[in-house]
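Subject: Handover of a structure and the findings from it

Dear colleague,

I am writing to hand over the structure shown below. Please keep it open while reading the notes that come after it.

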Amino acid sequence: MKILMVCLGNICRSPLAEGILSDMVKKQNLDWKIDSAGTGSWHIGDPPHNGSITVAAQNGIDITQQRARQFSKRDFDDFDLILAMDSQNFRDIVALASDERDIEKVELILNYSHPKMNMAVPDPYFTGGFGDVFDLLEDACQHVLNKHKEQE
Ligand code: 4NP
């Protein structure tokens with residue numbers, strides 16, 4: 001599986017999602033590729049937000065080596081699954097799709113843990129609450145792992 005996590009800035013939510021799922025995949029010795037990107041360009045090249053780095057470290061996960069990049073059309077070819085943090089991310093990703101096959105790759109990440117609820121991962125850049133975001137993403141990533149491991 002090749003999975004891309006996407007948020008707006010690629011410094012708060014999607015780097016955490018990448019770090020959490022990468023850690024789970026590594027512990028299970030799975031040969032999966034996990035990455036993240038932002039729909040926006042403001043933070044290209046930046047490391048994750050300190051709040052994300054800190055909460056990841058508190059949970060034994062090092063995300064300090066990550067650098068922000070912008071989502072691009074090429075990502076539809078490079079990934080099997082593209083997981084959006086909120087519905088605006090979802091719409092911005094789908095707007096770059098070339099065909100139905102691209103669109104089918106895009107899902108809201110919290111629909112894995114809360115099916116059909118279309119819930120958003122709250123953006124801690126504006127509201128704080130990195131701990132709650134970590135917990136939501138950890139739960140969702142566990143569901144992502146379980147579902148796609150079964151399908152392999
Ligand atoms: P993220 O949070 O999408 O979870 O990385 C944000 C980071 C930066 C900005 C917005 C959201 N920004 O406007 O710069």
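The notes below describe a pair of helices, a further helix, several loop residues and the aromatic pairs. Please bear in mind that this is a predicted model.

Helices α1 and α8

Helix α1 covers residues 13-27 and helix α8 covers residues 130-151. Their axes come within 9 Å and cross at roughly 45°. An angle under 35 degrees would count as roughly parallel, and one from 65 to 115 as roughly perpendicular; α1 and α8 are therefore oblique to each other. The crossing of these two helices is right-handed.

Which residues of α1 and α8 meet? On the α1 side they are Arg13, Leu16, Ala17, Ile20, Leu21, Met24 and Val25. On the α8 side they are Val133, Phe134, Leu137, Glu138, Cys141, Gln142, Val144 and Leu145. Sorted by class, this contact holds 12 nonpolar, 1 polar and 2 charged residues.

Helix α2

The buried residues of α2 are Gly51, Ser52, Ile53, Val55 and Ala56. These buried residues pack against α1 and α8, the two helices whose crossing is described above. After α2 comes Gly60, which has a positive phi, near 80°.

The loop between β2 and α2

Strand β2 spans 33-38 and helix α2 spans 50-58, and Asp46 is found in the loop between them. Leaving aside neighbours within four places in sequence, Asp46 is in contact with Ile11, Gln66, Arg67 and Ala68. From Asp46 to Val133 there are 87 residues in sequence and 20 Å in space, C-alpha to C-alpha. Val133 is also one of the α8 residues that meet α1.

Ile44 lies in the loop between β2 and α2 as well. With a relative accessible area of 49%, Ile44 is partly exposed. Not counting residues up to four places away in sequence, Ile44 touches Ala68 and Gln70. Ala68 is also among the contacts of Asp46. Ile44 and Ala120 are 76 residues apart in sequence, and their C-alpha atoms are 23 Å apart in space.

The loop between α2 and α3

Gln66 lies in the loop between α2 and α3, the latter being residues 75-78. The relative accessible area of Gln66 is 13%, so this residue is buried. Which residues does Gln66 touch, not counting those up to four places away in sequence? They are Pro15, Glu18, Gly19, Ser36, Asp46, Pro47 and Pro48.

Aromatic pairs

A pair of aromatic rings is described by the distance of the centres and the angle of the planes. How many aromatic pairs does a search of the whole structure find? The search finds 2.

Phe71 and Phe76 form an edge-to-face pair, with 5.4 Å from centre to centre and 90° between the planes. Phe71 has 6% relative accessibility and therefore counts as buried. Phe76, at 1% relative accessibility, also counts as buried.

Tyr125 and Phe126 have ring centres 5.2 Å apart and planes at 90°, so this pair is edge-to-face too. Tyr125 has a relative accessible area of 43% and is therefore partly exposed. Phe126, at 62% relative accessibility, counts as exposed.

Yours sincerely,

A colleague

Methods: Residues numbered from 1 in each chain as written. Predicted model: local features only at pLDDT ≥ 70, side-chain atom pairs only at ≥ 80, totals over all residues. Heavy atoms only, no water. Axes fitted to C-alpha atoms, helices over the stretch in contact; angles between N-to-C directions. Helix = DSSP H or I, 4+ residues; strand = E, 2+ residues; numbered from the N terminus. Parallel < 35°, antiparallel > 145°, perpendicular 65-115°, else oblique. Left-handed = near helix turned anticlockwise from the far one by under 90°. Contact = heavy atoms within 4.5 Å. Nonpolar A, V, L, I, M, F, W, Y, C, P; charged D, E, K, R; others polar. Buried < 20%, exposed > 50% of the residue type's maximum accessible area, 1.4 Å probe, protein only. Phe/Tyr/Trp six-rings, centres within 6.5 Å; stacked < 30°, edge-to-face > 60°.
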